[in-house]
There are 2 protein chains.
Amino acid sequence: MAEFMPATLLSVATDEAAGETRYHQLADQMAEAIRRGTLLPGSRLPSVRRCSQMHQVSINTVVAAYRRLEDRGLIEARPQSGFYVSSALPVLESRIEEHSPAAEPADEVLALIDKVFAAQTNPEYTNISLACPQTSDFYPGGKLGRIMSSLLRRQPKIISQYALPPGSLHLRQQVARRAMALGMILEPNDITLTHGCMEALQLALRVTTQPGDSVGLETPTYFFLLPLLASLGLKAVEIPTDPQDGLSLDALELMLSEKRLNAVIAMPTAQNPMGFTMPLAAKKRLARLMNDYQVPLIEDGLYAEIQFGATLSPAVKSFDKNGWVLFCTSFTKTLAPDFRIGWIAGGRFGEKLRQLKAVSSMSESVLLSETLAVFLESGGFDHHLRSLRRRYAAQIDEAKSLIMRYFPQGTRATQPKGGFVFWVDLPPAVDTVKLFDLLLMEKICLTPGTLYSPSGRYRNALRLSCCYPFDARYTDALARVGRRACEISGLPPGIVTQAAE
Amino acid sequence: MAEFMPATLLSVATDEAAGETRYHQLADQMAEAIRRGTLLPGSRLPSVRRCSQMHQVSINTVVAAYRRLEDRGLIEARPQSGFYVSSALPVLESRIEEHSPAAEPADEVLALIDKVFAAQTNPEYTNISLACPQTSDFYPGGKLGRIMSSLLRRQPKIISQYALPPGSLHLRQQVARRAMALGMILEPNDITLTHGCMEALQLALRVTTQPGDSVGLETPTYFFLLPLLASLGLKAVEIPTDPQDGLSLDALELMLSEKRLNAVIAMPTAQNPMGFTMPLAAKKRLARLMNDYQVPLIEDGLYAEIQFGATLSPAVKSFDKNGWVLFCTSFTKTLAPDFRIGWIAGGRFGEKLRQLKAVSSMSESVLLSETLAVFLESGGFDHHLRSLRRRYAAQIDEAKSLIMRYFPQGTRATQPKGGFVFWVDLPPAVDTVKLFDLLLMEKICLTPGTLYSPSGRYRNALRLSCCYPFDARYTDALARVGRRACEISGLPPGIVTQAAE
C-alpha cells in the first residue's frame, strides 16, 4: 500500500478534525456496505484506480479511504494482490431467555457491582469497559472553556447568585430546539435540568413508583440501574430482549396485560450495553402499549444523539400520546463529560418531577448551563456530533478487529447502532467474573456480563467500551484479556467464520 | 452627627471590603454589648470624645463606629443630646409545644410549600424570606472566576473528562483541613462530595431510613425537609425545640428510649429558621445520646461557618464517638452559591453513602471542585468568612430595626447566632398564610410559619431572610408587610418595651 501513499497525504489522512471530507464519506459508505453484508468477508475490493473511476474521486482520496478502513480493521492489504474485506466478528443473534420472577436485584450481583465499580474508578488501572469518556480530544473542551471564561468576564456575578429550579431558561430553550432532531416537540417548561442522566433516571423512578413496585428492564441492562432499584426498594423484571431489535414487545404486552409492571425503564436507541436501536415500528408500538396500559416508560436516551446511521432514529417519546413516556438524557457523553448537566421531559409527571428535583438536589449551576446554551446556540454542535459519531464508530471497528485477533474462537459481538459500547459473548467455558479477578491482578479492569442482569445471567459475556484513547495501553490490555480468555477456555484465538449458534 | 464626619472618612466607612479595621471591631464590640443587654435600650452612649479616650482610638474611628451602629438600627442620634441604644425587638422565649404524633407531613402543608416556593422562584416578585443568597457582592465571584479561567487555560481537558466518585481529592483534602475549625477530625476518604447540602440531606435520609420510618425534627424546621420526607415515605416527629437553645434533649431522650425515632435530623448551629446555636454542653449530650441509643443523627451544618461569635461553636459531629453522626454541609451559602458543591461525612454510613451517591447522581464537576480547592488552599477563605459574618449580622440588625418601626406591637423575633435568617412571631391575630396571599398580589413573597412544621403550626409566624440586597425594594417590601400585618390585626406599629409573653 505504501506505493500509493505520497507523503503529502499523510497529514490529511491523520487530521481527524478535518470534518466531512470526501475520503471520510467514501470510507463511511464502504464501512456501511461491509456492515450490511453487501461486501462479504474475504471478498476483494476494487483496485484503487478502478475505485477512483467508479466514485469519480482522485487516487489520493481512495488511498486515504482504504487506509482508514484498514486502520479500523475492516479491510486488509494482501501483498501483490490488493485489498480484501476482513473476516467479521460473528454477530450475536436472537436468543430466548427463560423468565425470572420479579425480585430485588440479587445480593451477589450488587456486591459484584460495588467491587467492579470500585476497581474501575482506580486511576492506576487500565480501563477497557467503563462508559466514562476519557478521550478528551473528542470533545470541544477548549471552545467550552472560552465560552465560560467570556461569561465570567461579562457576568462576574454569575458564581455568586443562587441557582433556582427549574434551571436556566436559555438552556431549556436550546434543549427544546434540539429535541426536535429526535422527533420530540417540547416546550422549555416541559424540561427539568438534572445532575446528569443518572439523576434523571433516579428522579423518574422515584416519581413513578412506590417501594415494593416492579420495574421492567431490558436484559442485559445498564448495570447501575440495579443498585438504584435496590436503594428504592423496587423489584426488577427482566423482559426478553433481542440483541438487534431490543425489547420483545409481545412479552412486554403480556406482562402489561397481567399488570405485572408498575413502570418500564429502557434504552430504545443505541442501548447500553448492546448498542441496538429498536426498529421504528417497534418504537411506535412501544409508545402505544405504554399509553394503552397507562404504565410509565422511562426512556433513557443517553446515546440517542450518537447514532451511526445517516438519519437519527426518533425517540419513543416522539410517539407519546398522553404523557406516559419520561425522556431522560444528558450532555455528559455528547458534549461536556465534566459538567454533568442532564435533563428530563417528564410528560404527565413533569410537575411532580420539578418538585422532586428541588427537594432532592435543588438545581443545576447557571454558569455551566449557560455555557452549554451558548455553545448549542452558536451552531457548532451538529458538526461536533458528526465528528464524534465517526470517531466512536471507528474505535468500535478497531476494537472488534483486535477481538478477532486475540479472543478465543466462538466469540461473538453485537453490532452497535450508536454510542461507544458493545457486548461480547465469549465461549461458555469463559467465566468472565473469574476473568475479571485474573485481569485485576494485572491492573486491567473489565465489566463481567453478570453485572448487567438482576438475576446474575451472562456469566460468559462482557461489555467493552471504546471511549478511551486507543493507545498501546488500551490495545495491549484488550490483547491480554483475549489471551487470558483463551487460556481459560483452552480455545485458540482468531475467528473461524461460522454461523452464529 | 454630620459635624463629626469629615469627607475623607466617608470612603473608609463605606468600604465594606476593607476587612478588620479598628472601627469595625469597635462597632462589633458595642453591638455585642447591646445584644447581651450590657448596654440597655434607651441608655445613653458615652460621647464621641469620651469613647475615644476610653478605647484609645481616634475621634474619627468612634464616629465611623457609631455611624455603623446607627445604620444597623442599634443606636439612634438625638439632636443636642447624643447617641442612645435603640429599643430592642422583644426576644422570642421558650415555650412548650403540645406533642404531635409521628405522621407524614400534612397535605395542606406540602401544598402550601409548593405554592410558596413556586412564587419565590418568580424573579418578578420581591423576595424577603427565601434563603438563597442574591447579594452577589458579598461573595468572591470575581476571584473564583479568575481561578477557574486559569484552570481552563492550564488544563483545557478538564471539561472533557468524566468526573468519577467520590470526587476531587484536592477538594476533599481542603474540606478535611477546614473541618478542623469546627472540631472535626476527618480524612479525605471520610468525605463524599454532593450536589449541595440538599442532596447531602437526601442521601443521608435514604441511607439511614426505610419507608415508614419516623424521623425526629426540630420545630420549626427547614421547610424543604417536609416534602423530602414525604417523597421517601417517612414520618415526621416534632421534637420540642427552644428558640434559643435548640432541641429539648430531655424530650429527645424520652423518644429515643421509647424507640420512637429511626433517625433525627437537626441543625445545632445557626439553625434555619430560628438562628439558635445549641450550647456546647447540649451539643455534647446530643452526640452522646445518639451514640448511646445507636440512632443516626443527620447534622445539617449549612450555616456552621457563618457564626457571629468570636469563636466557632464546634459541630456535634466533633463529639461523635462511634460514627452515628452524619455531617452535611455545602459551599452554597458560604462561598459559591451557583456551584452547588456540598459534602457529607457519613460516619459509619460512609461507605454506603458513597455507593448511593454514585447511583443517584454519580459525581460532582471536577472543574468546579478544583476551583473551590484552589481558593481554599490560597488562604482567602477565612478573611472572606469574617467579612460575610459581619455583613449578614449587620443586615439582620437592619431588618430588625425596620420590623420595630413597621410591624404591629407585640411582634417578637429570635436572636440569630449565625446565618442570615431569623424567625418572627407576630401577634396571634395575624394569620401569615393570609398575609402571604395578600402580599402576593403586591408581588412580595414571604414564607408563612406554617411551612416549617409538618403538622401546620405557627400560623402567626414567618421567617425573614437577610441574604438580599438591602435596597429600597427590599426595605419597602418589609415595610409593606408590616403595614398589612397592622391592618389585619388592628394593632398599631412600633415596639412597646414589654416582657416577652
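This is a predicted model: local features need pLDDT of at least 70, side-chain atom pairs count only at pLDDT 80 or more; totals for chains, interfaces and linings use all residues.

Modeller: Residues are numbered from 1 along each chain as its sequence is written, chains are lettered from A and ligands numbered from 1 in the order in which they are written, and side-chain values use heavy atoms, with hydrogens and water left out.

Colleague: How many of the eleven residues of helix α7 of chain A are buried?

Modeller: Helices (H or I, at least four residues) and strands (E, at least two) are DSSP runs, numbered from the N terminus. Buried denotes under 20% relative accessible area, exposed over 50%, and partly exposed in between, with a 1.4 Å probe and protein chains only. The buried residues of α7(A) include His170(A), Leu171(A) and Arg172(A). For helix α7 of chain A, residues 169–179, the number buried is eight.

Colleague: Against which elements do the buried residues of α7(A) pack?

Modeller: Contact is taken as heavy atoms within 4.5 Å. By that criterion, the partners in chain A are β4 (191–194), β12 (342–345), α13 (366–378) and α14 (381–406).

Colleague: Which residue caps the N-terminal end of α7(A)?

Modeller: A polar contact is a pair of N or O atoms within 3.5 Å; within protein, one must be able to donate a hydrogen and the other to accept it, and residues adjacent in sequence count only if both atoms are side-chain atoms. Here a side-chain oxygen lies 3.3 Å from the backbone nitrogen of His170(A), and the capping residue is Ser168(A).

Colleague: How far is Cys467(A) from the nearest cysteine sulfur?

Modeller: A disulfide requires a pair of cysteine sulfur atoms within 2.5 Å, and the whole structure contains zero disulfides over all chains. Cys467(A) is therefore in none, although it is buried at 0% relative accessibility. The nearest sulfur belongs to Cys132(A), at 6.5 Å.

Colleague: What area do chain B and chain A bury between them?

Modeller: Buried area is the accessible area (1.4 Å probe) that two parts lose on being put together, summed over both. The contact draws 59 residues from chain B and 60 residues from chain A. Of the area, 62% is on carbon and sulfur atoms, and the total is about 4,800 Å².

Colleague: Which three residues supply 16% of the area that chain B buries against chain A?

Modeller: This share is more than that of any other three residues, and it comes from Ile159(B), Tyr162(B) and Asp338(B).

Colleague: How many residue pairs are in polar contact between chain B and chain A?

Modeller: A salt bridge is a side-chain nitrogen of Lys or Arg within 4 Å of a carboxyl oxygen of Asp or Glu, and across this interface the rule finds zero salt bridges. With both residues at pLDDT 80 or more, the pairs in polar contact number 30.

Colleague: Which residues does Leu249(A) touch, not counting those up to four places away in sequence?

Modeller: Leu249(A) is in helix α10 (residues 249–257) of chain A and is buried at 7% relative accessibility. Its C-alpha atom is separated by 7.8 Å from that of Arg285(A), 36 residues apart along the chain. The residues touched are Met278(A), Ala282(A), Arg285(A), Leu286(A) and Leu289(A).

Colleague: Which backbone oxygen does the side chain of Ser401(A) reach?

Modeller: Ser401(A) lies in helix α14 of chain A and is buried at 15% relative accessibility. Beyond four places in sequence, Ser401(A) touches Arg72(A) and Gly73(A). Its side chain reaches, at 2.8 Å, the backbone oxygen of Glu398(A).

Colleague: How many residues apart in sequence are the parts tied together by Asp382(B) and Arg178(B)?

Modeller: The two form a salt bridge with the closest N and O atoms 3.2 Å apart. Asp382(B) lies in helix α14 and Arg178(B) in helix α7 of chain B, so the separation in sequence is 204 residues.
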